[in-house]
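User: I would like to learn how to read a few features of this structure. Please take me through them briefly.

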Amino acid sequence: VPRVPGEANHEIGRDGARRAKRWLESTTRVRSAWTNEEANSISRLEFDWPYGGQPFPFDVGGLFYGGAIHNQAFVVEVKKYTVVGDQRAAYGDWLAKAYLVRKAHHRIADQFLFMTWHPFAQTSWTTLCEPSTIVDGILQNKRRIFSPTEQDSCESLIDQAVVTDLVDRLWLIVLSNKQEELVITKEHRALIVAEDIRNEVA
Amino acid sequence: VTIDFASRIRDLTREDPERNVVLVKEAVLESLRASDSTVTIELTPFFNHTFAPDLVLHWKNRPEPRQVFLRATSSAQDLEEDLPFVAGGSPILMPLGEVFPGSDHGIADLSAASASTQTLVADPSAFNTLTNQASTAPVVGLLASSLLRGGLGFIDSRIARHAGSAIEAGFDGAAVADSDATGKGVDAVESILNPSQASQLTRLLQAVWVGAGEPSTTFPRPAELATLLDASTLQFLLDGTAVPDDAFWERVSSAITLERLTELHVSAESDGLQRIVRLGSERLLARALRVVESTSDVEGFSWYIEDGQLLLRGENFEVHLQSKALRTTTERDPTTIAALLTRARDARVELMEIELQGANDRKIDYTTLTGADIADDDLLRSIETALGSTASVRSAVAAIGASRKPLRCNLNQASASGNTVAKFAVRDMVLNAVPLIRRLSPTELELLRGSLSAIVVEGGALLPN
């Protein structure tokens, strides 16, 4: 039983990251995945804001398997929420982070996933992955992204090519506890895994 | 070889996750292969995947592969949570670093949960620890390969070291009937291996115990075990990682019979088989021997098991040894008395009887009444002269050992056996019968003797002592 709220939140975060990882793996479209808490992460999940603030981590990282996204690297922001909470603001921050990673470390991540267990921002839901929403998210974090002398002109300093490119790399996914159960059966997954191994080794 | 995976991962080029995965897997592969030279390891396209293994282990004589799931996490809680997803088919869950307990998930919980799902949770250092111990105590090498094949529960380097020391002490203890050490060895084995792997090592200890002259009923952990090494345990020993230690094989050899040995399917050039036969050649008993002309490109002589018989194969001929009576075979070219006497003298074989065959189906038995050697008798040469050029030797009886037990060599059929059910040590049989049945060059005779003595290993090659 958690004793302090911080510990409780930490456990929710840990549990959420592991469940998100497991659900992604259940799709059979993940080659490898790791959470930020794992001691031996194979690739970095933590990045610095250009102008101060705590470094920001993603909760899960990994490589996709099969299809057009084969071997592409992904990072995941996980919100194991039971209420709307601060998700709209956190979503804006996440867009800014995705922009920074694409701009400065594009080999680290090709795809960006935002996975939540509770919907948010229903009135603007269809526009959440549009370029203007990405720009809003960047501006929301302009003090951490641009230098003090750039603050008045930061909108013009945003790399529009990176923003446009980012649109197709965003995945907004709403999960539910029941949905976690409604995945391919263990037996069928074993068949696919065995086939994948056979093909790869052959 | 100790590999610190945590630091190896930190040293990786962090920009390329795919390359990093390959480097980690190769390091793990290296460490597992050192534990069992007979394992074939397949690398899968997956890494740290909840449902898909990172490596798949295969063994020639075992239909079921064993899956290895690498884990980037070292948290006992995370590992315990993963058990239900990987369980089935007795997998290995392998954290890359030292496991630490969570606030309310102890190592003991992980240990109990993994054992109950037939899963082994072990980091690479557990295997490295046993491999290191095996360099001074070969029996620990068997524990390492058993762990890879059928280990279960939670094992870290500390538990591995403890189990390794216990089996080493148990093996040494069994040889001197130390029931405390032997019992602890059995307990250690049973605490980390599934019943079938555990019973193989237990039987080994029991065989050493019996080999030390103790009755099997006083073995410290009486169970429904066989009194001698059974075929599956022997098979396990002979297929397993090479154990370059004659003292080890001498104990194994003391606990088996030729019947047991010839039940096995042993791959050609098994190092273990060479040692068992060479070291046990004065103890392993055979009833019959046959020499078969056959050329091969082997150097010197090597032991094989083929078609249920023990076989010594050389460049120009093979010696087949059996625990059963021989069937008769085709006739061979006749051997003259002079040739036989030369062969007996060169190989220092003592003769007690010679059966001579002349023309017109007449034969003469020339026998000693006292058991004395007749090979130097001048009378024999006179008889040969009297019989003429058509005379030949049908059979000769060699005197074996202090009791001068008769071993009849049938030269026409290139075979040898004693009276009715008499058995002879493999060494006596080969060194007395083969030189009489077949002309051997001095080199061949030397090599034949070498095939029956202990091995010295030089640069990985097996050489006669």
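User: In which helix does Ala98(A) lie?

Analyst: First, the ground rules. This is a predicted model, where local features need pLDDT of at least 70, side-chain atom pairs count only at pLDDT 80 or more, and totals for chains, interfaces and linings use all residues. Residues are numbered from 1 along each chain as its sequence is written, chains are lettered from A and ligands numbered from 1 in the order in which they are written, and side-chain values use heavy atoms, leaving out hydrogens and water. Helices are DSSP runs (H or I, at least four residues), as are strands (E, at least two), numbered from the N terminus. Ala98(A) lies in helix 2 (residues 87-104) of chain A.

User: Is Ala98(A) buried or exposed?

Analyst: Buried means under 20% relative accessible area, exposed over 50%, partly exposed in between (1.4 Å probe, protein chains only). Ala98(A) has a relative accessible area of 0%, so this residue is buried.

User: Which residues does Ala98(A) touch?

Analyst: Contact means heavy atoms within 4.5 Å. Leaving aside residues up to four places away in sequence, Ala98(A) touches Phe112(A), Leu166(A) and Leu170(A). Leu166(A) is 68 residues from Ala98(A) along the chain, yet their C-alpha atoms are separated by 7.8 Å.

User: How is Ser191(B) placed, buried or exposed?

Analyst: Ser191(B) is in helix 8 (residues 179-192) of chain B. Its relative accessibility is 51%, so Ser191(B) counts as exposed.

User: How do I read a helix pair?

Analyst: Two packed helices are described by the angle between their axes and the distance between the axes. Axes are lines fitted to C-alpha atoms, for helices over the stretch in contact, with angles from 0 to 180 degrees between N-to-C directions. In chain B, helix 11 (residues 246-254) and helix 13 (residues 271-280) have axes that come within 8 Å and cross at roughly 70°. Helix 11 of chain B and helix 13 of chain B are therefore roughly perpendicular (65 to 115 degrees).

User: Which residues of helix 11 of chain B make the contact?

Analyst: Asp246(B), Trp249(B), Glu250(B), Val252(B) and Ser253(B) do, meeting residues of helix 13 of chain B that include Arg275(B) and Ile276(B).

User: Which residues touch the most other members of the largest nonpolar core?

Analyst: A nonpolar core is a set of buried Ala, Val, Leu, Ile, Met, Phe, Trp, Tyr and Cys residues joined through side-chain atoms within 4.5 Å. In the largest, of 146 residues, they are Leu261(B), Leu289(B), Leu351(B) and Val430(B). Apart from it lies another core of 17 residues, among them Ala33(A) and Phe74(A).

Methods: Angles under 35 degrees count as roughly parallel, over 145 as roughly antiparallel, 65 to 115 as roughly perpendicular and the rest as oblique.
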